[in-house]
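Please examine the sequence and the model shown below. The paragraphs that follow lead through its elements and some of its residues.

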Amino acid sequence: MVGRIDIHRLNLDELTGVVNIYPWYAAARMELCTRLKDMDMLSDAQVAQAALYMGSRRKLFELVRSRERLIDEHVPSMASRAEEPAPEAETRTEAPQRQIFVVGGDYFSQNQYNGVRRSDDNIFSSFATKARSEGYVDQSDSDMGEFCTETLAQVYLEQGYPVEAKKIYSKLILRYPEKSVYFASLIEKIEKNY
């Protein structure tokens, strides 16, 4: 085969060049990481970069783990240091207990929400109440069944049936609560114009 490159015979600069030109070439990345580990120059950033392009990260994990085992063998562990008696003059105090806060998302219980809830928080229930007071009939009792769409409501309006259009929008409020404000504004527009 012409133009075949044996990555095991390349020097470090050539291997780095191959990885830069062909970033998805996982075998070259693995060879580069192995060589850098042997020279004790493999950084966590390089491992993270290589992991992005590796199909299976098992060999990379084993490579990193072997580096950690080497460190564990040559550097006394924290456990063995803790077994050594502390000097008499040194007094140790316990670190204060840290409180952890989760940032983002709705991480609260129903009781916590009920404690801070305001009466105007539940906008959906006000639309549902209004829809029921205007004659909303449950979908299972309705003759229309599945044919409750915004397009159908628009057709009713174009043909001069605003009451039917309002019923459709009321049902759509209940079916799609995320668009309830939009449908409520269409109902108000119908009430103003008809």
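Asp40 is exposed, with a relative accessible area of 63%; buried means under 20% relative accessible area, exposed over 50%, and partly exposed in between, with a 1.4 Å probe and protein chains only. Asp40 is placed in the loop between helix 2 and helix 3, and it has a positive phi of about 60° although it is not a glycine.

The model is predicted, so local features need pLDDT of at least 70 and side-chain atom pairs count only at pLDDT 80 or more, while totals for chains, interfaces and linings use all residues. Residues are numbered from 1 along each chain as its sequence is written, and side-chain values use heavy atoms, with hydrogens and water left out.

The protein has 10 helices and 0 strands; helices (H or I, at least four residues) and strands (E, at least two) are DSSP runs, numbered from the N terminus. Of the 194 residues, 22% are buried. The C-alpha atoms of Leu36 and Leu12 are separated by 8.7 Å, and the two residues are 24 apart along the chain.

Helix 9 (residues 162-175) and helix 10 (residues 180-193) pack at an angle of about 165°, their axes 9 Å apart. Axes are lines fitted to C-alpha atoms, for helices over the stretch in contact, and angles run from 0 to 180 degrees between N-to-C directions. Helix 9 is therefore roughly antiparallel to helix 10, a term for angles over 145 degrees.

Side chains of opposite charge can pair when their charged atoms come close. In the whole structure, a search finds 4 salt bridges, each a side-chain nitrogen of Lys or Arg within 4 Å of a carboxyl oxygen of Asp or Glu. One of them joins Lys166 and Glu191, with the closest N and O atoms 3.6 Å apart. Because Lys166 lies in helix 9 and Glu191 in helix 10, this pair ties together parts that are 25 residues apart in sequence. Lys166 is partly exposed at 22% relative accessibility, and Glu191 is partly exposed at 35%. Another salt bridge links Asp6 with Arg9, where the closest N and O atoms are 3.1 Å apart. Asp6 is partly exposed, with a relative accessible area of 33%, whereas Arg9 is exposed at 72% relative accessibility.

Terms used. Angles under 35 degrees count as roughly parallel, over 145 as roughly antiparallel, 65 to 115 as roughly perpendicular and the rest as oblique.
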